[in-house]
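Let us walk through a protein model together, step by step. Please have the sequence and the 3D view ready.

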Amino acid sequence: MFALSAQSLHRPLPSAVMAVKEKKKSRNLGFGVGRSRVGYRIAAALPEEDEKRTGLASRRNESRCESARPGIDNLVTSNVGMSTNILWHDCPIGKLERQKLLAQKGCVIWITGLSGSGKSTLACALSRELHCRGYLTYVLDGDNLRHGLNRDLSFKAEDRAENIRRVGEVSKLFADAGVICIACLISPYRKDRDACRALLPDSTFIEVFMNVPLEVCELRDPKGLYKLARSGKIKGFTGIDDPYEPPLDCEIVIQMKDGGCPSPNAMAEQVISYLGKNRFLQA
């Protein structure tokens with residue numbers, strides 16, 4: 001028998017002993033070989049049979065880990081349109097939290113009407129007035145979107161339907177973000193506008209009809225398109241050789257009074273009044 005001093009208890013082990021201990025550890029663990037610089041040196045020195053044995057153990061262990069991950073086997077994917085095996089992921093921060101942060105309710109104000117009826121004018125005036133009062137808005141203008149998102153679409157009936165579908169999906173995202181989204185497009189077909197309405201819950205789709213007569217819009221003709229359509233240089237122009245289907249039950253109608261059109265500020269106030277009465281301007 002002999003006594004050990006306190007210093008000897010903390011003295012490092014000889015390097016040869018350490019190498020043996022590391023070798024035993026790596027053989028026992030298998031899947032841990034190569035995880036450290038020491039491990040790499042030991043793995044290189046192992047016989048071929050040991051490498052096969054440790055590699056098999058590693059694959060078995062990884063397989064067990066993957067099958068044991070909680071919830072993986074319970075995930076259910078979906079097929080939507082042409083997209084297959086997709087999964088919806090929810091975020092802990094939702095629409096209500098974003099609306100509370102912005103002190104407003106997300107919605108879509110969908111302005112529809114003939115070319116030249118004042119859709120973009122109303123959209124810009126409304127956005128400016130709400131911005132000045134501290135509310136966050138974003139304008140989705142039909143012509144602007146055709147410079148980018150919808151640049152691959154023509155004005156044929158099927159492409160117009162796809163144009164409206166895309167804008168409807170984008171505006172839905174803005175509303176979900178808590179933003180007051182202002183979409184201004186001719187959107188001539190009633191079924192396409194109704195499909196966009198169906199995307200949004202809780203009456204957050206607010207349809208605004210610019211009820212301005214064709215002759216007034218044609219007299220304005222800010223882009224010279226009516227003149228081109230009348231001369232046959234443009235085909236399928238809404239109101240001339242392609243139909244416009246007015247809303248049957250929209251939330252807001254902007255129309256002429258006493259033979260004149262209301263000012264941009266007056267039109268904006270009409271929409272803001274609706275938003276205030278229906279509690280969109282508070283969280």
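This is a predicted model: local features need pLDDT of at least 70, side-chain atom pairs count only at pLDDT 80 or more; totals for chains, interfaces and linings use all residues.

Residues are numbered from 1 along each chain as its sequence is written, and side-chain values use heavy atoms, with hydrogens and water left out.

Now think about contacts, meaning heavy atoms within 4.5 Å. Among contacts between residues at least 6 apart in sequence, 70% join residues at least 24 apart.

Next, find helix 6 (residues 119–132) and helix 12 (residues 264–277), whose axes come within 8 Å and cross at roughly 60 degrees. Axes are lines fitted to C-alpha atoms, for helices over the stretch in contact, and angles run from 0 to 180 degrees between N-to-C directions. Helix 6 and helix 12 are therefore oblique to each other. For such labels, angles under 35 degrees count as roughly parallel, over 145 as roughly antiparallel, 65 to 115 as roughly perpendicular, and the rest as oblique. The crossing of helix 6 and helix 12 is right-handed; a crossing is right-handed if the near helix is turned clockwise from the far one by less than a right angle, and left-handed if anticlockwise. Among the residues that meet here are Leu 122, Ala 125 and Leu 126 in helix 6, and Met 267, Ala 268 and Ile 272 in helix 12.

A second pair is helix 8 with helix 9 (residues 190–199): the axes come within 9 Å and cross at roughly 20 degrees. That makes helix 8 roughly parallel to helix 9, and this crossing is right-handed too. Residues of helix 8 that take part include Ala 161, Ile 164 and Gly 168, while those of helix 9 include Cys 196 and Leu 199.

Let us stop at Gly 168. Is Gly 168 buried or exposed? At 0% relative accessibility, Gly 168 counts as buried. Not counting residues up to four places away in sequence, Gly 168 touches Trp 110, Cys 196 and Leu 199. The C-alpha atoms of Gly 168 and Val 108 are separated by 9.0 Å, although the two residues are 60 apart along the chain.

Now look for charged partners. The whole structure has 13 salt bridges, where a salt bridge is a side-chain nitrogen of Lys or Arg within 4 Å of a carboxyl oxygen of Asp or Glu. In one of them, the closest N and O atoms of Asp 176 and Arg 98 are 2.8 Å apart. This pair links helix 8 (residues 157–176) with helix 5 (residues 95–102), the two residues being 78 apart. Asp 176 is partly exposed at 36%, and Arg 98 is partly exposed at 23%.

Another salt bridge joins Asp 242 and Arg 160 (3.2 Å, N to O). Asp 242 lies in the loop between helix 11 (225–230) and strand 7 (252–255) and Arg 160 in helix 8, so the pair ties together parts 82 residues apart in sequence. Both Asp 242 and Arg 160 are buried.

Finally, consider backbone angles. Most residues other than glycine have a negative phi. Ala 103, in the loop between helix 5 and strand 3 (107–112), has a positive phi of about 55 degrees. Ser 187 has a positive phi of about 35 degrees and sits in the loop between strand 5 (180–184) and helix 9. Ala 103 is partly exposed at 40% relative accessible area, whereas Ser 187 is buried at 3%.

Technical notes. Helices (H or I, at least four residues) and strands (E, at least two) are DSSP runs, numbered from the N terminus. Buried means under 20% relative accessible area, exposed over 50%, partly exposed in between (1.4 Å probe, protein chains only).
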